[in-house]
Amino acid sequence: MQQDTIAGIASGMGGGIGIIRISGENAFLAAGEIFRTRKFIKIEDENRKDIKKTGNSKEWDSEFFLKKESHTIHYGYIIEDDGSIIDEVIVLLMRGPKSYTCEDVVEIDSHGGAYLVQKILKLLIRHGARLAEPGEFTKRAFLNGRIDLSQAEAVMKMISSKNEFALESAVNQLEGRVSGYIENIRQEILHHMGYIEAALDDPEHYDLENFSEELYGILQKKIASLKGLLSRFENGRMKSEGIHTVIVGKPNVGKSSLMNLLLDEERAIVTNIAGTTRDILEETVQIGNLNLNLIDTAGIHETGDIVESLGVEKAKEYLNQADFILFVVDVSQPLEESDDKIISLISGKKGIILLNKSDLSSCVDEEELKNKLGWDCISFSNKTGSGLKKLEDYITNSFLKGDIAYNDQIYLTSIRHREAVENAVKSLEQVLVTIEGGMPEDLYIIDMMDAYQKLGLINGETASEDLVNKIFSDFCMGK
Amino acid sequence: MSYTYEEYDIVVIGAGHAGCEAALAAARLGFRILVFTVSIDSIAMMPCNPNIGGSSKGHLVREVDALGGEMGINIDKTFIQSKMLNMSKGPAVHSLRAQADKKDYSNAMRQVLENTENLILKQGEVAEVLVENRKVTGVRTVSDAIYPCKAVIMCTGTYLQARCIYGDVSNYTGPNGLAAANHLTKCLIDLGVDVRRFKTGTPARVDKRTIDFSKMQEQKGDEKVVPFSFTNTEEELQREQVSCWLTYTNEMTHKIIMENIDRSPLYSGNIKGTGPRYCPSIEDKVVRFADKDRHQVFLEPEGNYTNEMYIGGMSSSLPEDVQHAMYHTVPGLENASIVRNAYAIEYDCINPVQLKASLEFKDIEGFFCAGQANGSSGYEEAAAQGIIAGINAARKLSGKDPIILDRSQAYIGVLIDDLITKGTNEPYRMMTSRAEYRLLLRQDNADLRLTEIGHEVGLISKERYEALCEKKQMISDEIDRMNRTTIGATQAVQKLLEENGSTLLQSGTTLAELLKRPELSYDKLSEIDTERKELPKEVCEQVNINLKYEGYIKRQERQVIQFKKLENRKIPEAIDYNDVYSLRKEALQKLKEYRPSSVGQASRISGVSPADISVLLIYLEKKYGK
């Protein structure tokens with residue numbers, strides 16, 4: 001039996017390629033809608049990096065995959081609704097029951113990067129797929145007799161243990177702030193529902209005169225807040241993948257080689273996004289269970305005097321956003337004025353001093369540096385790689401202790417959250433339509449409750465008794 | 001010395017609103033019923049507010065009526081004022097409320113019981129429910145008389161070990177000074193039933209002649225009374241009505257309360273039972289909502305043949321002298337003479353999570369429990385449980401599956417599911433906000449929702465059922481016609497639209513589309529609807545609501561489909577949760593304790609997470625398969 005169509009990421013985050021799996025009755029169609037073969041791509045510049053637009057896609061047949069044999073592989077591109085290309089991919093088709101879930105399954109192998117994978121997933125959701133629950137592919141595989149109970153249980157267990165880990169881990173800190181923000185909005189919605197309900201339950205006591213105008217204004221504001229959150233999603237997505245870490249230091253102290261060392265091929269490169277200027281390189285590396293979003297400010301400094309260069313503003317901006325700073329000092333040279341300038345820029349922030357070239361004799365007063373910034377020092381050598389392990393441990397420990405936190409801006413970090421917020425916005429907009437249509441107040445509740453519950457998904461809360469409790473706590477009821 | 005008397009099919013303990021409905025339903029289904037009451041003069045007594053219905057409670061009465069119950073018919077006989085509340089709001093929250101003549105109400109119900117075949121009334125107190133091998137075999141009274149029976153429905157209301165309190169005074173009586181039932185609790189505990197203690201209260205009654213009504217606002221009934229019962233027509237029910245009166249407490253009232261708050265047994269700790277939040281005493285309101293400088297007070301007549309007036313909004317357990325002073329600060333009550341003092345009442349009730357949705361104890365066969373004894377409050381909530389317990393006790397004896405209404409079918413379903421799935425820590429009152437699918441569960445369509453079930457059960461006559469089918473047909477035909485009938489931008493149409501402040505038509509549309517405009521209605525369209533046939537008022541009402549709120553109704557129907565999916569996944573009674581690998585500990589405990597009947601019910605138990613539900617689903621599929 002085919003069920004509704006679900007989509008999810010089948011590969012672990014951080015792997016070399018990213019696999020998106022789609023399963024269900026419309027899997028082939030949904031994939032067909034976002035896919036184009038090379039023939040349908042107009043490449044404006046042969047240099048692949050600059051591919052911007054597809055050609056006319058009018059003739060494209062969205063039922064392309066439906067007409068293909070099962071267990072075939074197709075090469076092509078995933079395109080945005082506006083025609084721009086997201087990624088070059090390979091698509092595998094498996095017709096049920098000969099598939100993992102025994103349903104029609106499509107797997108899209110993309111170039112990896114969490115960012116691209118999420119983008120494709122989002123696109124699929126717009127094209128009729130639903131985001132898979134944790135373990136849902138496995139559940140379907142089991143329910144359709146594809147795997148047996150012990151296999152299913154093993155997978156379910158893995159999923160739940162993963163969740164438990166997430167609870168303790170870093171990610172939770174970030175999500176904690178999102179939930180705080182969302183929770184405030186939820187509570188306000190709840191309060192107003194409580195008021196309406198109190199008035200419905202005890203009409204001789206509370207009246208709703210002029211309430212709809214007031215509510216309209218309030219909801220508009222809530223919608224704007226939620227939309228703001230959505231607009232920061234893209235950004236948040238990247239953000240959540242790493243602690244914003246900025247490498248600073250005078251020219252030629254070894255910043256770039258530190259970067260390269262951290263980017264050692266054994267580490268998974270999660271994303272590789274060019275910065276806003278050619279001078280700034282941004283990479284994400286994994287250290288332990290953490291992702292570092294590394295920014296090398298190399299280019300800026302090399303343009304000349306740090307204070308006078310145009311790059312200062314840029315550097316300041318990055319330093320402002322930084323969660324953690326790696327201040328690289330070359331111990332083979334004495335400190336000079338430009339080091340002091342850097343110190344004044346970064347003082348008050350969190351970071352660590354890396355005493356590079358520690359294999360050479362030192363002419364830097366370690367204690368003095370420590371005192372100036374209140375940071376710890378790690379001796380380090382790009383050449384030998386010594387101190388690297390220490391640095392990694394330091395970062396991990398600081399994070400777990402809470403010394404390093406993400407930036408204060410509230411970001412949505414998962415596509416699941418995004419979906420929840422989007423749905424909540426839709427529901428609240430529906431309330432506005434209801435108010436505009438002059439409908440009675442009790443009908444507002446249908447969609448307000450919907451929004452309230454959707455937002456609750458982010459915090460994993462259920463709403464069952466909330467409204468009733470709210471009515472009693474905020475409003476004096478009864479005879 | 002004990003005597004064994006004749007055997008009955010079902011014994012009902014208590015003849016309040018739950019007991020009456022339970023006994024009538026089971027007797028009408030052909031079973032021999034014995035009803036015990038501590039006072040034969042207090043059948044269907046209303047010991048608190050003198051009205052039936054109100055927000056969401058009116059829905060319950062309509063549903064009881066649609067299933068073939070008595071409450072709606074009885075209040076239609078005996079109301080002295082009637083009002084449809086929330087008329088300016090949507091149809092889902094329109095709620096009927098009628099002031100009753102309390103004595104008449106009680107007498108009328110007594111008459112119905114006394115004239116029902118198979119139903120015997122007996123004054124007496126049941127001391128013990130006899131159980132052998134976890135199966136009911138009979139009851140024993142305090143006088144040691146044994147009545148064998150196959151099922152017992154316990155509807156003891158607020159009588160179990162009842163205690164009435166105001167100030168330092170406490171009387172070990174039930175409401176209105178009636179005898180309490182002091183023996184049954186011990187039997188329940190011996191049977192392993194989890195018993196708890198709840199508290200509620202009632203305000204004072206004052207002599208009408210001593211009230212200055214000129215200082216109050218008059219609250220009249222509706223000009224055109226709508227019946228509670230689907231069996232009555234409007235024409236039959238128009239009668240002269242009495243008024244209620246509105247006044248307010250003030251700073252002086254609150255000052256007296258605060259100065260004497262330490263003398264309230266609620267605050268001194270003398271009352272330990274859990275009170276209801278929705279029906280707080282005036283001292284509770286003043287303490288908890290200190291920023292409010294006044295609270296509403298309604299003076300409601302207790303009946304046509306008494307001068308007693310009920311002081312709605314001011315229940316209390318303060319000492320007599322404080323009550324005196326406090327009531328006299330209220331405008332219009334300065335010289336009021338108090339006939340009965342306000343008091344709080346404490347009583348034993350059971351934890352309802354021990355019941356199945358049929359209202360039978362999960363582990364005592366043939367033992368049913370309904371009404372305030374289940375931790376609910378309110379006459380209507382009691383009646384709703386009573387009829388379900390009566391029907392299901394009868395069906396049990398006939399070897400039929402119980403009737404279980406779910407949350408998408410009826411407020412009764414919401415009520416019972418809440419009680420047995422979530423339990424309650426205070427006397428539970430129905431509210432429209434508790435019903436997720438409120439727009440579908442309207443008071444105007446209770447018959448369309450439930451009368452067919454009532455007919456299958458055997459409580460609704462063939463004639464009544466056929467009339468319902470005809471009504472359904474008329475509604476659907478008329479909706480079809482409205483959807484089909486196109487309307488052009490003719491002069492007559494534009495004129496009608498203009499008159500109603502509605503946008504003029506640019507092109508043709510259907511009648512149904514026009515009806516959706518907020519400023520138009522089915523009635524208003526009659527001028528331009530030339531082919532319209534004369535239809536009964538109830539039919540027109542349904543057509544209007546169904547078309548006007550179509551979008552919202554469809555959305556709720558979609559939600560119901562989702563809800564039903566899990567609801568229809570039944571959990572076998574024999575399930576061994578220890579066998580369900582990888583349930584979380586808390587979920588395991590809760591599932592073992594509650595033993596839900598469906599996956600849907602399981603998902604509503606607090607402490608059971610969506611992940612637990614997935615695990616459970618997988619297990620069920622594997623074990624009980626396709």
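This note walks through some features of the structure above, point by point.

1. **Before you start.** This is a predicted model, in which local features need pLDDT of at least 70, side-chain atom pairs count only at pLDDT 80 or more, and totals for chains, interfaces and linings use all residues. Residues are numbered from 1 along each chain as its sequence is written, while chains are lettered from A and ligands numbered from 1 in the order in which they are written.

2. **Chain A as a whole.** Chain A contains 16 helices and 14 strands; helices (H or I, at least four residues) and strands (E, at least two) are DSSP runs, numbered from the N terminus. Of its 479 residues, 43% are buried. Here a residue is buried if 20 or more other C-beta atoms lie within 10 Å of its own, exposed if 12 or fewer, and partly exposed in between, with C-beta atoms placed from the backbone. Among the chain A contacts with a separation of 6 or more, 69% are between residues 24 or more positions apart. Two residues are in contact if their C-beta atoms, placed from the backbone, lie within 7 Å.

3. A:Leu66 counts as partly exposed because it has 15 C-beta neighbours inside 10 Å. Leaving aside residues up to four places away in sequence, A:Leu66 touches A:Phe28, A:Leu29 and A:Gly32. From A:Leu66 to A:Ile378 is 312 residues in sequence and 59 Å in space, C-alpha to C-alpha. Then look at A:Lys119 in helix 2 (residues 114-126) of chain A, which is partly exposed, with 19 other C-beta atoms within 10 Å. A:Lys349 is 230 residues away from A:Lys119 along the chain, and their C-alpha atoms are separated by 33 Å.

4. **Backbone details worth checking.** Most residues other than glycine have a negative phi, and most peptide bonds are trans. In chain A, a cis peptide bond joins A:Gly96 and A:Pro97, with omega about 0°. A:Pro97 sits in the loop between strand 5 (85-94) and strand 6 (105-110) of chain A. In chain B, B:Asn118 has a positive phi, near 70°, and lies in the loop between helix 4 and strand 7 (119-123) of chain B. B:Asn118 is partly exposed, with 17 C-beta neighbours inside 10 Å. The phi of B:Asp144 is also positive, near 75°. B:Asp144 belongs to the loop between strand 9 (135-141) and strand 10 (145-154) of chain B, and its 11 C-beta neighbours inside 10 Å make it exposed.

5. **The domains of chain B.** Chain B is split into domain 1 (3-199 + 347-455), domain 2 (202-346), domain 3 (475-558) and domain 4 (569-624); the bounds come from an automatic or database domain assignment. Taken over C-alpha atoms, the centres of domain 3 and domain 4 of chain B are 48 Å apart.

6. **Helices 1 and 4 of chain B.** Helix 1 (residues 17-28) and helix 4 (residues 102-114) of chain B have axes that come within 10 Å and cross at roughly 25°. Therefore helix 1 of chain B is roughly parallel to helix 4 of chain B. Axes are lines fitted to C-alpha atoms, for helices over the stretch in contact, and angles run from 0 to 180 degrees between N-to-C directions. Angles under 35 degrees count as roughly parallel, over 145 as roughly antiparallel, 65 to 115 as roughly perpendicular and the rest as oblique. B:Cys20, B:Ala23 and B:Leu24 in helix 1 of chain B meet B:Met109, B:Val112 and B:Leu113 in helix 4 of chain B. The residues of this contact are 6 nonpolar, no polar and no charged. (Ala, Val, Leu, Ile, Met, Phe, Trp, Tyr, Cys and Pro count as nonpolar, Asp, Glu, Lys and Arg as charged, and the others, Gly among them, as polar.)

7. **Helices 11 and 12 of chain B.** Helix 11 (residues 379-397) and helix 12 (residues 411-422) of chain B pack at about 90°, with axes 10 Å apart. That angle makes helix 11 of chain B roughly perpendicular to helix 12 of chain B. The residues of their contact divide into 5 nonpolar, 1 polar and 1 charged.
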